[in-house]
Structures are given as structure tokens and as C-alpha cells.
Amino acid sequence: MKAIEITEAGEMQLVERALPQPASGEILLKLKYVGFCGSDLSTYLGKNPLVQYPRVPGHEISAVIEEIGENVPDTFSVGQLVTVVPYTNCGQCSSCKKKRFNACRYNQTLGVQRDGAMAEYISVPWQKVLKDEALSDLQLALVEPLTVGFHAIDNGKVTDIDTVMVFGCGMIGSGAIIRAKLRGATVIAVDIDDSKLEVAKELGATYTINSKDQNLHEELEKITNGDGPTVVIEAAGNPITYKAAIEEVAFAGRVVCIGYAGSEISFSTKLWVQKELEIMGSRNANPSDFEAVMKYLRESDLDESLLVSRIVDPEDAPETMKEWSEAPGKILKILVKF
């Protein structure tokens, strides 16, 4: 079968791999669409410390059930469209004992710590397979990337009286914008790309700020009457936005950090203490987040093409990744169609 492999930093190629066979408790899936994630770009650039090469990337999955192994519930059948929860959880670590499976100490995400789904077929445990016959194959490929932003909003305990600022309007930030809007919050989207800010408006942002062209602090002062946003979602992974999140969030506010900054960041502890801030990380997503995203996609009138920058064939993936690595700012989502 065809598979896309990152052989080393800066090198991607189409290779032939053996067709997997479903073991007991597994389901063989034929891939329809697989999305490239920011973590895949980091792997390609040699900046992902969790990856060993060669690695098949990909964990944003749309697929159809091809074959069912033994000891799989009869609720699954050949031909069903599905997506996949791409994380593992040990069930024994402190996070798992609290049912926060998304933060499992020993998690292995498809395409990161283990080979992913950028291939014609993949075999996975049935417990990780989610079916929804009301969703299209393209919608199913968008589920996982949106769940991460949904989870961050859940961590931030966002309600309808909050003003939520989202730093970074890529796919993760888009999920946060959608979820915050669903909860009735006022949403401020911040990015340095006007096209992404236009999408943010379509997704429900009340205000947008291009922090490259506008003074962030002055704009926030006007929007929030000098108070600052009550919740800040850091989805850009940039030292500048990490610092700005602490500086601009309201007193007694909450800061939720999703992005991985590429370097260490030093903070003055003064604002942490004076503002009595709640600062937390947000990693991956829980089953409830997948349920919430799938419900949203079923019931909303979202035009999914807003979120998809490009759809390419496997043969074109290496050149597409090279182009993305050279100009990442304008890309929301690249899907590979198998």
C-alpha cells in the first residue's frame, strides 16, 4: 500500500508498506482523508522532540471500515464512515485515574510517538473508532483538530458572561472560537493574517485584531472597557503571545495554554500574583470533546471549505509540505485524499 513517510528532517516521500491485518479487537480502515497537523510540520522541520525517524505522520482521520477483526462489537459493520481518536491511554497513571485520558503520562499519538494514518490503510483498536453516519467523509477529517480547541474552552470554564481572546486562528484556534461562541461568550480573535481573521469572523468571533498592524493593548482597552478579556486561549505557541496573554488578561482571569513555544519563556511573577490568575495547560481532547464537535458538525450550517486550504493527492504531499514549511502563516488545513 502507499504511505507517506518523513524519512528525516526536511525529507518526505511516498513509499510502499505492507498492508496491515486487523488483530483481535481491531478494525481495518481504508483512509479517505487525512489532515496534516502542526505537529506534522514540526516533525518535518526537525523540531518535534517526541519523534524518531522515519515516521508516517497523520492523526486527523476520515476513513471507511474495510474489515473487522475478531472480538469487535457487532455495532460496527463494513462500509461505515468513521473517524479515530488517535491517542492512547494507559489507564493507570495519575491522569487516567482522574479520567483525564487526554493527558495520559504515557500517551502515544498516531503520527508522533508511533506511525500515523498517512497511508491507504490502518488497523486500530475498535475502542478508538467513532462512527457517525450523518457526517461526510470530509467533515470527519475535521473532527480531531477541532476537538483540541473545544477542550481548551472546556478547561477555561467559559460561560456566556465571558470575553474570550483567542491567540492564533489556525485550526486549533478555530475550534476554540467555535466552542466559545456556542457557549455564548464574546470572542476576540487575534492573528497576524487577515485571511484567517476573516474566517474567524465567519466562525463566530465578535471582534478581530491583526496584532501586526494594530496595537493589541489599545484595541483590547476599547473592546473591554479597560478590563481585559476574562479568558485568554494561547493557541499560537509563540513567546510573544504567551507574555501578552499574562499581560492582557483581566484581573482574576484565566489563561489556557495549548501552543508549544519553541523556546523557554521568562515571566515576571508580579502579574500572576496581583491578578490572581488561573493558568493551565490544555492537551489533546477527551471523548466528550469528540462528541461535542461531532454534534456541532451535524447541527451547524458550517461551510467546511472555510477551514480547508488545500486537498492534495498522496503523490503531491511532499511538495505540498515543502511549500507549507516555507509559508505556514496562511494555511488552515491541508487534507490528503487517499
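## Backbone details

P54 is located in the loop that joins α1 and β4 (60–68); helices (H or I, at least four residues) and strands (E, at least two) are DSSP runs numbered from the N terminus. The peptide bond leading from Y53 to P54 is cis, and its omega is near -5 degrees. N71 sits in the loop between β4 and β5 (81–84). Although N71 is not a glycine, its phi is positive, about 60 degrees.

This is a predicted model, in which local features need pLDDT of at least 70 and side-chain atom pairs count only at pLDDT 80 or more, while totals for chains, interfaces and linings use all residues. Residues are numbered from 1 along each chain as its sequence is written, and side-chain values use heavy atoms, with hydrogens and water left out.

## Packing of α1 and α10

Helix α1 (residues 38–45) packs with helix α10 (residues 317–326) at an angle of about 90 degrees, and their axes are 10 Å apart. α1 is therefore roughly perpendicular to α10. Axes are lines fitted to C-alpha atoms, for helices over the stretch in contact, and angles run from 0 to 180 degrees between N-to-C directions. Angles under 35 degrees count as roughly parallel, over 145 as roughly antiparallel, 65 to 115 as roughly perpendicular and the rest as oblique.

On the α1 side the contact (heavy atoms within 4.5 Å) involves G38, D40, L41, Y44 and L45, and on the α10 side M321, K322, W324 and S325. By class, five residues of this contact are nonpolar, two polar and two charged. Ala, Val, Leu, Ile, Met, Phe, Trp, Tyr, Cys and Pro count as nonpolar, Asp, Glu, Lys and Arg as charged, and the others, Gly among them, as polar.

## The six-stranded sheet

Six strands form an open sheet with parallel pairing, in the order β10-β9-β8-β11-β12-β13; two strands pair if DSSP finds at least two bridges between them. β10 (207–210) and β13 (278–281) are the edge strands, each with a single partner, so one side of each has no neighbour in the sheet. Direction ignored, neighbouring strands are turned by 15 degrees against each other on average.

Strands β8 (residues 163–167) and β11 (residues 231–234) pair in the parallel sense over four bridges, and M165 stands opposite V232 in β11. Helix α6 (residues 216–223) packs on the sheet and touches β8, β9 (186–191) and β10, its direction making about 165 degrees with that of β10. Helix α7 (residues 239–248) lies across β8, β11, β12 (254–257) and β13, and runs at about 165 degrees to β8.

## The second largest pocket

The volume of the second largest pocket is about 310 Å³. On a 1 Å grid over the protein atoms alone, a pocket is an open set of points where a 1.4 Å probe fits, with protein on both sides within 12 Å along at least five of seven lines, and lining residues have an atom within 4 Å of a point. Grid points are joined across faces, edges and corners, and a volume is the space filled by probe spheres set on the points.

The lining has 18 residues, of which V85, Q127, L130, N286 and P287 are the closest to the pocket centre. α9 gives the largest share of the lining, five residues.
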